[in-house]
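Subject: Handover of a structure

Dear colleague,

Please find below the structure that I am passing on to you. My notes on it come after the sequence and coordinates.

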Amino acid sequence: MRLRFDPHLVNDPFGDPGLFVDCRDERRALLFDLGDLRALPPRKLLRVSHAFVSHTHMDHFAGFDHLLRVVLGRKAQLTLVGGPQFVDQGEHKLRAYAWNVVHRYEVELVLDVLAVAPDGSGERARFSSRRAFARDGTQAFRWADDVLLDTALLRVRGGFVDHGIPCLAFVIEEKARVKLAKDRLDALGLSTGAWLRGLKQAVLAGASDDTPIDIEWRDARGAHRTTRPLGALRDVVLAVAPGQRIGYVTDLRHTEANIARLKALLGGVDRLYIEAVFLHADLAHAQRKHHLTARQAGEIARAVGAHDVVPFHFSPRYADHPEALQREVIAAWRHAP
Ligand SMILES: [Zn+2]
Ligand SMILES: [Zn+2]
């Protein structure tokens, strides 16, 4: 089944970690981690509506400046989401520059910055180019569930893992989709149009048969408008299919608590992007750096029931034999120890 979002790693597995998720149907993209972003052309960065930062080690956050430079003066709104102190850290980045002319730019840029913490507390603030990116409208909120973004088509959830510091792991979930038999519309004397979105939403929401569905379309004979109860349109609905789920997991220690959290957050994902920094022969080094070995990454992919696994965040020490890391991940994912 075609995904309604298209994920790809920003860099090769030795480059800074990052996942770009193009959501064409929503005319937006999501970005996970802000390391070296120069591989993404400006037209892609301009599509980003939300950037999620797992933690603020430099290889995950140093690209904030690049992103800001590309969108400034060209984009109206960008939401940034990160862990504890993320609002302060974003503010510190903004304070490092002089902003004496940006208030005159035709397009105002508003950064909406959200910080969430493992205890369920959250803080958000806005920073506008019209006001030299001074902090504005700081609010506390409760991060009651693990949802970080909820749109008509998808949901992003996050959970904290331990990397010596709290670090967010993410899952991107496509919402269930409704398949329609467009030929059966003809039999009802109806035609396709934007109104089908309302029909799909009513089906997904479990609306009752007497729910009125507004129907509008345009053709050569002009505009048509009518209303039918949902029950009269049931024949048009062929199936409700569950959505696909993608996990993005980096950086973390190999602990039982981390594995339990990942199972709860992203069990059964269709594809798991997971760090595999060192070979298992270098386990002691991985432990010192609070990272996974390739074997541990594969074992985690197996433990969470991932249907596909894509390793990344390889240490440069393996630059001349990346296939060793790749093989170790896949072997551990496929075969029980
Ligand atoms: Zn890190
Ligand atoms: Zn890292």
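This is a predicted model: local features need pLDDT of at least 70, side-chain atom pairs count only at pLDDT 80 or more; totals for chains, interfaces and linings use all residues.

Residues are numbered from 1 along each chain as its sequence is written, chains are lettered from A and ligands numbered from 1 in the order in which they are written, and side-chain values use heavy atoms, with hydrogens and water left out.

Overall build

The protein has 10 helices and 18 strands; these are DSSP runs numbered from the N terminus (helices H or I, at least four residues; strands E, at least two). Its C-alpha trace spans about 70 × 60 × 40 Å along the principal axes. Of the 337 residues, 50% count as buried, where buried means under 20% relative accessible area, exposed over 50% and partly exposed in between, with a 1.4 Å probe and protein chains only. Of the contacts (heavy atoms within 4.5 Å) between residues at least 6 apart in sequence, 62% join residues at least 24 apart. The protein is divided into domain 1 (1–147) and domain 2 (177–241), with bounds that come from an automatic or database domain assignment. The C-alpha centres of domain 1 and domain 2 lie 37 Å apart.

The eight-stranded sheet

An open sheet of mixed pairing is formed by eight strands in the order β1-β2-β3-β4-β5-β6-β7-β8; two strands pair if DSSP finds at least two bridges between them. Because β1 (6–9) and β8 (135–142) stand at the edges with a single partner strand each, one side of each is left without a neighbour in the sheet. From one strand to the next the twist averages 15°. Strand β7 (residues 121–128) runs antiparallel to β8 and is joined to it by six bridges, and Arg124 has Gln139 in β8 as its bridge partner.

Helix α4 (residues 86–95) packs on this sheet, touching β5, β6, β7 and β8, and its direction makes about 145° with that of β6. Helix α3 (residues 64–71) lies across β4 (48–52), β5 (77–82) and β6 (110–116), running at about 165° to β5. Axes are lines fitted to C-alpha atoms, for helices over the stretch in contact, and angles run from 0 to 180 degrees between N-to-C directions.

The zinc site

Which protein donors hold the zinc ion (ligand 2)? They are Asp59 (OD), His60 (NE2), Asp251 (OD) and His313 (NE2), at 2.2 to 2.3 Å from the ion. Donors are N, O and S atoms within 2.8 Å of the metal (3.2 Å for Na, K and Ca); water is not among the atoms, so sites may look incomplete. Along the chain, the donors of this ion follow the spacing D-H-x190-D-x61-H. Asp251 bridges the zinc ion (ligand 2) and the zinc ion (ligand 1), which lie 3.6 Å apart.

Asp59 counts as partly exposed, at 21% relative accessibility, whereas His313 is buried at 10%.

Further details

Strands β13 (residues 212–219) and β14 (residues 222–229) run antiparallel and are joined by eight bridges. They form a hairpin with two residues between them, and Pro212 stands opposite Pro229 in β14.

Ser315, in the loop between β18 and α10, is buried, with a relative accessible area of 8%. Leaving aside neighbours within four places in sequence, Ser315 is in contact with Phe14, Val277 and Phe278.

With kind regards
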